[in-house]
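Subject: Structure handover

Hello,

Here is the structure for your work. My notes follow below it.

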Amino acid sequence: MANLIYKRVSTDQQSTARQNLVLAEAEIPDPVIFEEKAGTSSRLHPLQRPKFGELLTYARSGDTVHISEMFRLVRGTGHILDVLDVLHRNRLALRIHDGAFSAMDLTARRPRTGELLSTVKFMVQTLAAAGELQRDLQRELTYDGLRAAEAKGNKGGRRTAIKPEKTAAVRTAYLAGRSIAALAREHGVSRGAVRTAVADLMPDHTAAAGHEDTPAPELPVTLDMPGKVADFLRTTELNNAERAALDHGVTVRRGQGYTLRVSAAPAIHRQLLERCQPLDGSAQGTPAVPAQRKARREYENRVNTLPVATTGP
């Protein structure tokens, strides 16, 4: 049975030092480590995070997932229950080594129904709600502090590298033909700082402003793809975006079969649906297999619920 360690930080300025300390003190034998890229957002559902997806794909029945504290893996109540369901279906144990959840057996289930014990579910929801309340209060206090600072004439955020009294001179010199590199050397700042000061004067800024009617990119949507559809698509020629969506899917075991939890833009889901059209037996010389046809239609029903992107007038 393998010990799988999962680590994550929310911003590029944070480190995993504290997590490393907690997990080192736990003396976990022969750990296999899955660490998200620094700055992986807490708002992203755990099942959509690349490294956690890799962990679930790597894991086998009876393995244990180790985290330093619950909020390294999940934030909201819904996320916790979703993850616990997936761990239960894959027969994986969860071990939390610090924080409010460390003394609880979150995998405790009713023997006959497989549902979470009522007391476990209540504690999970209560502690998660308390965590959300704490973060909301911190956010409100931050906003109140910023408003109070602005009322005194102070502006929040990172200080600009170029002092306000020099910004006008930098902009004038840029309009006169001085290069960004030359201005950066003259003022002892980075080229990025100069670009920030003259951003609205740069040609790219004007060009971008002319495309206000360009539709916003579609956000990824997570759909469960039946395993028979996924198996067929893996043997089909796909473009890079389609192949990436399939490769990053999370396997969820269901009885003797499985579904692949795929996160992709609605347009990619529609393309994948089109690719598996032969499963309906519509291709010449390709007999339809009832189970495959049913699986494709299940996926089609889910894809058809997705919103259709609209363009400006």
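T251 has L260 in strand 7 as its bridge partner. Strands here are DSSP runs of E with at least two residues, helices are DSSP runs of H or I with at least four, and both are numbered from the N terminus. This is a predicted model, where local features need pLDDT of at least 70 and side-chain atom pairs count only at pLDDT 80 or more, while totals for chains, interfaces and linings use all residues. Residues are numbered from 1 along each chain as its sequence is written, and side-chain values use heavy atoms, with hydrogens and water left out.

**The antiparallel sheet**

Strand 6 and strand 7 pair in the antiparallel sense, over 5 bridges. Two strands count as paired if DSSP finds at least two bridges between them. Strand 6 and strand 7 also make a hairpin, with 2 residues between them. G255 sits in that turn and has a positive phi of about 60°.

Strand 7 (residues 257-264) also pairs with strand 5, again antiparallel, over 6 bridges. There, V221 stands opposite A264 of strand 7. Angles run from 0 to 180 degrees between N-to-C directions, and axes are lines fitted to C-alpha atoms, for helices over the stretch in contact.

V262 belongs to strand 7. Is V262 buried or exposed? V262 is buried, at a relative accessible area of 0%. Buried means under 20% relative accessible area, exposed means over 50%, and partly exposed lies in between (1.4 Å probe, protein chains only). Setting aside neighbours within four places in sequence, V262 is in contact with V221, T222, L223, M225, A245, G249 and H269. Contact means heavy atoms within 4.5 Å. V262 and A230 lie 32 residues apart in sequence, with 9.7 Å between their C-alpha atoms.

**Helix 10 and helix 11**

Two packed helices are described by the angle between their axes and the distance between the axes. The axes of helix 10 and helix 11 (residues 266-275) come within 10 Å and cross at roughly 95°. The two helices, helix 10 and helix 11, are therefore roughly perpendicular. The angle classes are: under 35 degrees roughly parallel, over 145 roughly antiparallel, 65 to 115 roughly perpendicular, and the rest oblique.

Which residues meet between helix 10 and helix 11? A241, E242 and A245 of helix 10 meet I268, Q271, L272 and R275 of helix 11. The residues of this contact split into 4 nonpolar, 1 polar and 2 charged. Ala, Val, Leu, Ile, Met, Phe, Trp, Tyr, Cys and Pro count as nonpolar; Asp, Glu, Lys and Arg count as charged; the others, Gly among them, count as polar.

A241 lies in helix 10 (residues 240-247). A241 counts as partly exposed, at 41% relative accessibility. The C-alpha atoms of A241 and A265 are 9.7 Å apart, and the two residues are 24 apart along the chain.

Strand 1 (residues 3-7) runs parallel to strand 2, joined by 5 bridges. I5 stands opposite I33 of strand 2.

**Two loop residues to look at**

- D30 has a positive phi of about 45° and is not a glycine. D30 is in the loop between helix 1 and strand 2. D30 is exposed, at 71% relative accessibility.
- R91 has a positive phi of about 60° and is not a glycine. R91 is in the loop between helix 3 (77-89) and strand 4. R91 is exposed, at a relative accessible area of 60%.

**Totals**

The protein has 12 helices and 7 strands. Of its 313 residues, 36% count as buried. Among contacts between residues at least 6 apart in sequence, 69% join residues at least 24 apart.

Best regards
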